[in-house]
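Here's a quick walk through this chain, from its salt bridges to its core and its surface. Have the sequence and the 3D view open as you read.

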Amino acid sequence: MQLDSGAVAEGRITRVTDFGAFIQFENGETGLVHISQIAHSFVRNIHDHVREGDSIEVKVLGRDERGRLDLSIKELLEEPEEVPRPRAIGRQSPQFEAKLRSFMRDAKERTTTGGPKKPGSSGGGKRKK
């Protein structure tokens, strides 16, 4: 079996990591399906999609500079009409926004003036004896 770019082949998942799944083929070659090539949607946990020992059909995307196989599962899946996006974080409460602005303003003053002035100090200089 020749595994060239564009070929579709079935292999067995030998190892699953946080960044992808390693697939071994009948001819003994092993390739990687990167986590970004698992599904069209955002994959937070690869273990929700693949399991070690599963047989799976993959598409060969090519080989990297070291000759290792670069594989994809999502290239064989029908693309959804609209790719779901990760949820955006909503706006914070107005009170939080006001506190954050105040904090940022104070932090900027501290960094530009060298820190807060203590009550009763005249701003530095040497003491007279």
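## Salt bridges

A salt bridge here is a side-chain nitrogen of Lys or Arg within 4 Å of a carboxyl oxygen of Asp or Glu. Keep in mind that this is a predicted model. How many salt bridges does a search of the whole structure find? It turns up two.

One joins the side chains of Arg 63 and Glu 29, with an N to O distance of 2.9 Å. This pair ties together distant parts of the chain: Arg 63 sits in strand E4, Glu 29 is in the loop between E2 and strand E3 (30-34), and the two are 34 residues apart. Arg 63 is partly exposed at 39% relative accessibility, and Glu 29 also counts as partly exposed, at 26%.

Arg 68 and Asp 64 make a salt bridge too, with their side chains meeting at 2.7 Å, N to O. Arg 68 has a relative accessible area of 42%, so it's partly exposed. Asp 64 comes in at 24%, which also counts as partly exposed.

## The overall layout

Now for the chain as a whole. It has one helix and five strands, and from the N terminus on the order is β-β-β-β-β-α. Of the 129 residues, 24% are buried.

Take the contacts with a separation of 6 or more: 54% of them are between residues 24 or more positions apart. The chain exposes about 10,400 Å², with carbon and sulfur atoms supplying 48% of that area.

In soluble globular proteins, nonpolar side chains tend to be buried together. In this model, the largest nonpolar core has 20 residues, and those with the most contacts inside it are Ile 23, Phe 25, Ile 38, Val 50, Val 58 and Leu 71. The elements giving two or more residues to this core are strands E1 (8-17), E2 (20-24), E4 (55-63) and E5 (69-72).

Ile 23 is worth a click. You'll find it in strand E2, and it's buried, because its relative accessibility is 0%. Ile 23 and Glu 57 are 34 residues apart in sequence, with their C-alpha atoms 9.6 Å apart in space.

## A buried serine

Is Ser 72 buried or exposed? Ser 72 is buried, since its relative accessible area is 0%. This residue lies in strand E5.

What does the side chain of Ser 72 make a polar contact with? Its partner is the side chain of Gln 37, at 2.6 Å. A polar atom of the Ser 72 side chain also lies 3.0 Å from the backbone nitrogen of Glu 75. Setting aside neighbours within four places in sequence, Ser 72 is in contact with Val 33, Gln 37, Val 58, Lys 59 and Leu 61.

Finally, the surface. Phe 96, Leu 100, Phe 103 and Met 104 make a nonpolar surface patch of about 400 Å². Met 104 lies in helix H1, which covers residues 94-113.

Key:
Residues are numbered from 1 along each chain as its sequence is written. This is a predicted model: local features need pLDDT of at least 70, side-chain atom pairs count only at pLDDT 80 or more; totals for chains, interfaces and linings use all residues. Side-chain values use heavy atoms; hydrogens and water are left out. Patches are made of residues with over 30% relative accessible area and no salt bridge: like charges are joined within 9 Å, nonpolar side chains (Val, Leu, Ile, Met, Phe, Trp, Tyr) within 5 Å. Accessible areas come from the Shrake-Rupley method with a 1.4 Å probe; for residues, only the protein chains shown count as cover. Helices (H or I, at least four residues) and strands (E, at least two) are DSSP runs, numbered from the N terminus. A nonpolar core is a set of buried Ala, Val, Leu, Ile, Met, Phe, Trp, Tyr and Cys residues joined through side-chain atoms within 4.5 Å. Buried means under 20% relative accessible area, exposed over 50%, partly exposed in between (1.4 Å probe, protein chains only). A polar contact is a pair of N or O atoms within 3.5 Å; within protein, one must be able to donate a hydrogen and the other to accept it, and residues adjacent in sequence count only if both atoms are side-chain atoms. Contact means heavy atoms within 4.5 Å.
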